[in-house]
Amino acid sequence: MGQIGQLATAATAAGRLVLEALESEHPARSLSRLSDSPRAIRLLRELFIVAVRRTFVGRDPRAATRYVNDLLAYQSLPTGGEVARQAEALIRSATGEPELAHGISDVRRFELICYVVGDLGRSGVDAVALIDQAERRVARFDRPRNRTIGRRSV
């Protein structure tokens, strides 16, 4: 990808961490190592939603099935069974069917998100633009810190 220079001045530290992971030789593995950073994990989740919605909204739902099959084959994972069903459910949950992802453990959810987001480099999308949009989503949904709601009595 080679886009770190463009991002260095415009993105958050979490955005730089995610972009650096995407540029590594094994992006999914590198992304999974970001589990120490709550901000990077939050950005990664939003990046997953942004990428999936850009790719699958308005398309035939079977496109997600084909994508999951291709992704798992590329990762040398079994293309059928529970992992494939969970990956497709997670993708479809981000496109408007959230009930499909109920019951997927947080660990598996994070693993699948890393695989899908790590696949951005292979798909040729502009990762900087996606990270920028994901960062705006994080900023919009984060609560302001140290804000008192209501009045406090002294």
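Colleague: Which residues line the second largest pocket?
Modeller: In this predicted model, the lining consists of Thr12, Ala14, Pro38, Arg39, Arg42, Leu43, Glu135, Val138, Ala139 and Asp142. The pocket holds about 220 Å³ of space.

Colleague: Which elements give two or more residues to that lining?
Modeller: Helices α4 and α9 (127-141) do. The top contributor is α4, with four residues.

Colleague: How do you know how the lining of the second largest pocket divides by class?
Modeller: Asp, Glu, Lys and Arg count as charged, so Arg39, Arg42, Glu135 and Asp142 fall in that class. Ala, Val, Leu and Pro are among the nonpolar types, so Ala14, Pro38, Leu43, Val138 and Ala139 go there. The tally is five nonpolar, one polar and four charged.

Colleague: And the largest pocket: how much space lies in it?
Modeller: About 270 Å³. Its lining has 14 residues, and those nearest the centre are His26, Pro27, Ala28, Tyr74 and Gln75. Both α3 and α7 (106-118) supply at least two residues of the lining. By class, the lining has five nonpolar, four polar and five charged residues.

Colleague: Why is the link between Ser30 and Ser24 called a polar contact?
Modeller: The limit for such a pair of N or O atoms is 3.5 Å. The side chains of Ser30 and Ser24 are joined at 2.7 Å, so the distance passes.

Colleague: What is Ser30 in contact with, leaving aside its neighbours within four places in sequence?
Modeller: Ala21 and Ser24.

Colleague: How do you know whether Leu19 is buried or exposed?
Modeller: Leu19 has a relative accessible area of 0%. The limit for buried is under 20%, so Leu19 is buried. Leu19 belongs to helix α2, residues 13-22. Leu19 and Val128 lie 109 residues apart in sequence, yet their C-alpha atoms are 7.5 Å apart.

Colleague: Now the aromatic rings. How many aromatic pairs does the structure hold?
Modeller: One. It is formed by Phe56 and Tyr67.

Colleague: What makes Phe56 and Tyr67 a pair, and why is it called edge-to-face?
Modeller: Ring centres must lie within 6.5 Å. These centres are 5.6 Å apart, so the rings pair. Planes over 60 degrees apart count as edge-to-face. Here the angle is 65°, so the label is edge-to-face.

Colleague: What does the pair of Phe56 and Tyr67 tie together?
Modeller: Phe56 is in helix α4 (residues 38-56) and Tyr67 is in helix α5 (residues 62-74), so the pair ties together parts eleven residues apart in sequence. Phe56 and Tyr67 are both buried.

Colleague: What makes the phi of Ser76 worth a remark?
Modeller: The phi of Ser76 is positive, about 60°, although Ser76 is not a glycine. Ser76 is in the loop between α5 and α6 (82-94).

Colleague: Why does Ser76 count as exposed?
Modeller: Exposed means over 50%. Ser76 has 67% relative accessibility, so it is exposed.

Colleague: And what makes Arg85 count as exposed?
Modeller: Arg85 has 57% relative accessibility, over the 50% cut-off, so it is exposed. Arg85 is in helix α6. Arg85 and Thr65 are 20 residues apart in sequence and 8.6 Å apart in space, C-alpha to C-alpha.

Colleague: Last, the protein chain. How many helices and strands are there?
Modeller: Nine helices and zero strands. Of the 154 residues in the chain, 40% are buried.

Colleague: What share of the contacts with a separation of 6 or more comes from residues 24 or more positions apart?
Modeller: 66%.

Technical notes. Residues are numbered from 1 along each chain as its sequence is written. This is a predicted model: local features need pLDDT of at least 70, side-chain atom pairs count only at pLDDT 80 or more; totals for chains, interfaces and linings use all residues. Side-chain values use heavy atoms; hydrogens and water are left out. Rings of Phe, Tyr and Trp (its six-membered ring) pair if their centres lie within 6.5 Å; planes under 30 degrees apart count as stacked, over 60 as edge-to-face and the rest as tilted. Buried means under 20% relative accessible area, exposed over 50%, partly exposed in between (1.4 Å probe, protein chains only). A polar contact is a pair of N or O atoms within 3.5 Å; within protein, one must be able to donate a hydrogen and the other to accept it, and residues adjacent in sequence count only if both atoms are side-chain atoms. Contact means heavy atoms within 4.5 Å. On a 1 Å grid over the protein atoms alone, a cavity is a set of points where a 1.4 Å probe fits but cannot get out, and a pocket is an open set with protein on both sides within 12 Å along at least five of seven lines; lining residues have an atom within 4 Å of a point. Grid points are joined across faces, edges and corners, and a volume is the space filled by probe spheres set on the points.
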